[in-house]
Amino acid sequence: MDFSPSPKVDAIRTSLRDFMKREVYPIEQDLRRKGFVAMLPTLKEKRERAKETGLFAAFIPEALGGGGLSLTEFAHMSEELGRSPIGHYLFNCQAPDVGNMEVLMEFGTPDQKERFLMPLIRGEIRSCFTMTEPEFAGSNPVWMGTTAKKDGDEWVLRGHKWFSTGMEGSAFAICMAVTNPDAEPHARASMILVPNPTPGFELIGNLSIMGDRGGDWASHGEVSYQDARVPLANLLGGEGMGFLLAQQRLGPGRIHHCMRWIGICERAFDLMCSHAATREIAPGKPLGTKQIVQSWIAESRAEIHAARLMVLHAAWKIEKNGTHGAREEISLIKFTVARTLQRVLDRAIQTLGGLGMTDDTPLAYWYSHERAARIYDGADEVHIENVAKRILRGYGIKL
Ligand SMILES: Cc1cc2nc3c(=O)[nH]c(=O)nc-3n(C[C@H](O)[C@H](O)[C@H](O)COP(=O)(O)OP(=O)(O)OC[C@H]3O[C@@H](n4cnc5c(N)ncnc54)[C@H](O)[C@@H]3O)c2cc1C
């Protein structure tokens with residue numbers, strides 16, 4: 001295993017670092033003050049500039065108009081983009097679109113690819129993914145209340161979803177719904193494409209997340225399906241394949257998220273070290289002379305380094321064995337990196353003192369918004385349980 005970046009990855013990283021310094025960091029302060037929606041015209045311009053780099057939707061094969069990067073190559077790119085809250089959005093690599101593109105690429109019919117996938121890759125539209133429901137534990141992916149029933153040549157959808165990221169302003173949703181309640185649990189649900197607007201498919205409102213409702217892509221919607229009708233041809237993959245598609249969707253997605261979190265860690269680490277080196281606690285005595293701050297710095301360095309190697313190893317294993325063959329590694333990185341992220345952000349804020357609580361740096365934004373890292377894409381506890389059970393089974397315990 002050699003995880004050193006290839007000359008190609010080195011060149012990508014250099015070009016992205018330059019782009020972030022020139023185009024992204026200078027608008028972050030405005031973004032925090034004015035909010036995502038007010039900044040949409042500026043963000044649109046920046047996306048056009050991102051296209052000029054040849055790295056727009058870089059994880060998509062070149063034949064479909066993307067950058068053609070392998071999972072490991074894209075992992076490095078994801079780290080660079082993660083240094084800003086809008087890095088992934090500007091390069092059309094943001095959740096949930098990235099997962100939706102991957103599912104459509106693999107399971108979409110030619111017509112679905114033409115109508116839904118291609119405009120998504122070109123960045124002309126956005127999409128959302130509606131699976132989680134307020135009334136059912138999202139941690140149990142085979143348990144939900146939303147149904148899709150056949151009526152003539154249409155599906156009729158009925159249900160209540162929430163945490164549909166980016167529903168506001170999206171052009172379509174992928175809806176997870178029960179199509180056969182009598183099948184065995186893993187074969188009950190299917191994924192169905194629902195254009196937005198469709199009568200009966202409504203945004204009830206954006207959820208207030210730690211005091212922020214956000215807007216457009218930067219929002220999480222509560223959604224209702226009230227007899228929303230779509231053609232039978234909008235079924236994605238086969239009937240009863242919803243759970244399988246959801247698993248496929250999340251494997252590479254966890255590599256993207258984890259490397260994005262490492263990008264956040266690196267930016268936080270950088271802010272922590274620069275502050276420790278320049279903030280004087282007494283004349284001629286910078287904060288970095290204090291042993292406790294040195295300890296935060298060294299511990300953070302070690303944890304980030306370990307986390308990055310774990311994620312690159314998991315990406316390597318997915319490329320070698322497929323998502324199924326890397327299930328343990330995927331679970332391990334999910335909860336390890338999410339926790340590293342919280343610790344590094346916390347230490348960085350502590351080092352910056354009051355400044356760390358202000359919106360003059362991105363730390364406070366990340367501290368509130370990335371708490372969710374331990375909850376989405378499978379709550380940490382679910383991954384921990386899965387890993388432990390797998391290990392214990394090897395010791396003969398029946399679980
Ligand atoms: C910012 C954000 C964005 C999201 N985006 C989307 C999206 O775009 N589309 C979408 O469909 N969903 C989305 N989600 C929802 C997310 O997938 C769910 O929140 C997640 O699956 C957990 O489900 P739940 O919230 O129902 O928690 P529950 O399943 O009710 O779990 C609550 C808590 O119980 C504990 N727990 C659960 N299972 C176990 C176990 N086996 N052992 C021990 N403890 C356990 C965990 O601590 C967990 O946090 C998003 C969530 C967030 C926070």
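Reader: How many cavities of 30 Å³ or more does a search of the whole structure find?
Author: The search finds one. The model is predicted, so to speak of local features takes pLDDT of at least 70 and side-chain atom pairs count only at 80 or more, while totals for chains, interfaces and linings use all residues. Residues are numbered from 1 along each chain as its sequence is written, and side-chain values use heavy atoms, without hydrogens and water.

Reader: What makes this space a cavity, and how much space lies in it?
Author: A cavity is a set of points, on a 1 Å grid over the protein atoms alone, where a 1.4 Å probe fits but cannot get out. About 30 Å³ lies in the largest cavity, the volume being the space filled by probe spheres set on points joined across faces, edges and corners.

Reader: Which residues line the largest cavity, and what classes do they fall into?
Author: Lining residues have an atom within 4 Å of a point. Here they are Pro141, Val142, Val178, Pro185, His186, Arg188, Ala189 and Phe243. Six are nonpolar, one is polar and one is charged, where Ala, Val, Leu, Ile, Met, Phe, Trp, Tyr, Cys and Pro count as nonpolar, Asp, Glu, Lys and Arg as charged, and the others, Gly among them, as polar.

Reader: Why are helix 1 and helix 3 called roughly parallel?
Author: The axes of helix 1 (residues 7-34) and helix 3 (residues 71-81) come within 10 Å and cross at roughly 20 degrees. Angles under 35 degrees count as roughly parallel and those over 145 as roughly antiparallel, so helix 1 and helix 3 are roughly parallel. Helices are DSSP runs of H or I with at least four residues, strands are E runs of at least two, and both are numbered from the N terminus. Axes are lines fitted to C-alpha atoms over the stretch in contact, and angles run from 0 to 180 degrees between N-to-C directions.

Reader: Which residues make the contact of helix 1 with helix 3?
Author: From helix 1 come Lys8, Val9, Arg13, Leu16, Arg17 and Met20, and from helix 3 Glu73, His76, Met77, Glu80 and Leu81; contact means heavy atoms within 4.5 Å. By class, five are nonpolar, one is polar and five are charged.

Reader: Why are helix 7 and helix 8 called roughly antiparallel?
Author: Helix 7 (residues 242-278) and helix 8 (residues 291-321) pack at about 160 degrees, with axes 10 Å apart. That angle makes them roughly antiparallel, therefore. Their contact residues divide into 19 nonpolar, two polar and three charged.

Reader: Is the crossing of helix 5 and helix 6 left-handed or right-handed?
Author: Left-handed, meaning the near helix is turned anticlockwise from the far one by less than a right angle, clockwise being right-handed. Helix 5 (residues 97-107) and helix 6 (residues 110-121) pack at about 145 degrees, with axes 10 Å apart.

Reader: What is the peptide bond from alanine 95 to proline 96, cis or trans?
Author: The bond is cis, with omega near 5 degrees, and proline 96 is in the loop between helix 4 (87-90) and helix 5. The bond from asparagine 196 to proline 197 is also cis, with omega near 10 degrees; proline 197 is in the loop between strand 5 (189-195) and strand 6 (201-206).

Note on methods: 1 Å grid on protein atoms, 1.4 Å probe; cavity = no way out; pocket = protein on both sides within 12 Å on 5 of 7 lines; lining within 4 Å. Parallel < 35°, antiparallel > 145°, perpendicular 65-115°, else oblique.
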